Amino acid sequence: MENESSNRTRRVIFRLTPEEYAKIERKAKASTCNKLSDYLRHCLFEKPVVTVYRNGSADDFITETGRLCSELNAIGNNFNQVVKRLHTLPQAVEFKGWLMTFEIEKRTLFNKIEEIKNHIQKVSESWLR
């Protein structure tokens, strides 16, 4: 591409209204062209212009799932802190039984949280392609 641009010694200058320029700029930003001049060359020389389409609802979903992942992590951290605190308390026989049950439930919860996070990650990756 550098060889191609080094041969570009001629300029074409013309005037546009602000509305025309905004329209061209909007279309160029929606394409995969890095520069406005690249976009205009593609249009002028009838080269294919690849446009980027973003699904707004998918973007909203990804934003929401990211927020939910953060909340799940915070809940897991809080849960872990509570369990650590419970382990430091003086324990009675009944309390030990309750803690064992609690540990089983904790593992179940964390496994489910991890499963949800993995699913969200897969969906997010497929939508970002």
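Colleague: What makes N80 count as partly exposed?
Modeller: N80 has a relative accessibility of 27%. Buried means under 20% relative accessible area, exposed means over 50%, and partly exposed is in between, using a 1.4 Å probe on protein chains only. So N80, at 27%, counts as partly exposed. Before we go on, this is a predicted model, where local features need pLDDT of at least 70 and side-chain atom pairs count only at pLDDT 80 or more, while totals for chains, interfaces and linings use all residues. Residues are numbered from 1 along each chain as its sequence is written, and side-chain values use heavy atoms, with hydrogens and water left out.

Colleague: Where does N80 sit, and what does N80 touch?
Modeller: N80 is in helix 4. Helices (H or I, at least four residues) and strands (E, at least two) are DSSP runs, numbered from the N terminus. Not counting residues up to four places away in sequence, N80 touches K106 and F110, where contact means heavy atoms within 4.5 Å. The C-alpha atoms of N80 and F110 are separated by 9.9 Å, with the two residues 30 apart along the chain.

Colleague: Why is K106 called buried?
Modeller: K106 comes out at 12% relative accessibility, so K106 counts as buried. K106 lies in helix 5 and touches F79, N80 and V83, again not counting residues up to four places away in sequence.

Colleague: Is E103 buried or exposed, and what is E103 in contact with?
Modeller: E103 counts as buried because its relative accessibility is 15%. E103 is found in helix 5 too. Leaving aside neighbours within four places in sequence, E103 is in contact with V83 and H87.

Colleague: Which residues make up the largest nonpolar core?
Modeller: The largest nonpolar core has five residues, namely F79, V83, L86, L99 and F102. A nonpolar core is a set of buried Ala, Val, Leu, Ile, Met, Phe, Trp, Tyr and Cys residues joined through side-chain atoms within 4.5 Å. Helix 4 (56-88) and helix 5 (93-128) each supply at least two residues of this core, and helix 4 gives the most, with three.

Colleague: How do you know how many disulfides there are?
Modeller: A search of the whole structure finds zero. A disulfide is a pair of cysteine sulfur atoms within 2.5 Å. The sulfur of C33 is 7.6 Å from the closest cysteine sulfur, in C43, so that is too far for a bond.

Colleague: What do C33 and C43 count as, in terms of accessibility?
Modeller: C33 counts as buried because its relative accessibility is 16%, whereas C43, at 38%, counts as partly exposed.

Colleague: Why does S31 count as buried?
Modeller: S31 has 6% relative accessibility, so S31 counts as buried. The place of S31 is in the loop between helix 2 and helix 3.

Colleague: What lines the largest pocket, and how much space lies in it?
Modeller: About 550 Å³ of space lies in the largest pocket. The pocket is lined by 17 residues, of which V12, F14, S37, L40 and L44 lie nearest its centre. On a 1 Å grid over the protein atoms alone, a pocket is an open set of points where a 1.4 Å probe fits, with protein on both sides within 12 Å along at least five of seven lines, and lining residues have an atom within 4 Å of a point. Helix 2 (18-29) and helix 3 (36-44) each supply at least two lining residues, and the largest share, five residues, comes from helix 3. By class, the lining has 10 nonpolar, three polar and four charged residues.

Colleague: And how many helices and strands does the protein have?
Modeller: The secondary structure comes to five helices and zero strands, in the pattern α-α-α-α-α along the sequence. Buried residues make up 16% of the 129 residues.

Definitions and conventions
Grid points are joined across faces, edges and corners, and a volume is the space filled by probe spheres set on the points. Ala, Val, Leu, Ile, Met, Phe, Trp, Tyr, Cys and Pro count as nonpolar, Asp, Glu, Lys and Arg as charged, and the others, Gly among them, as polar.
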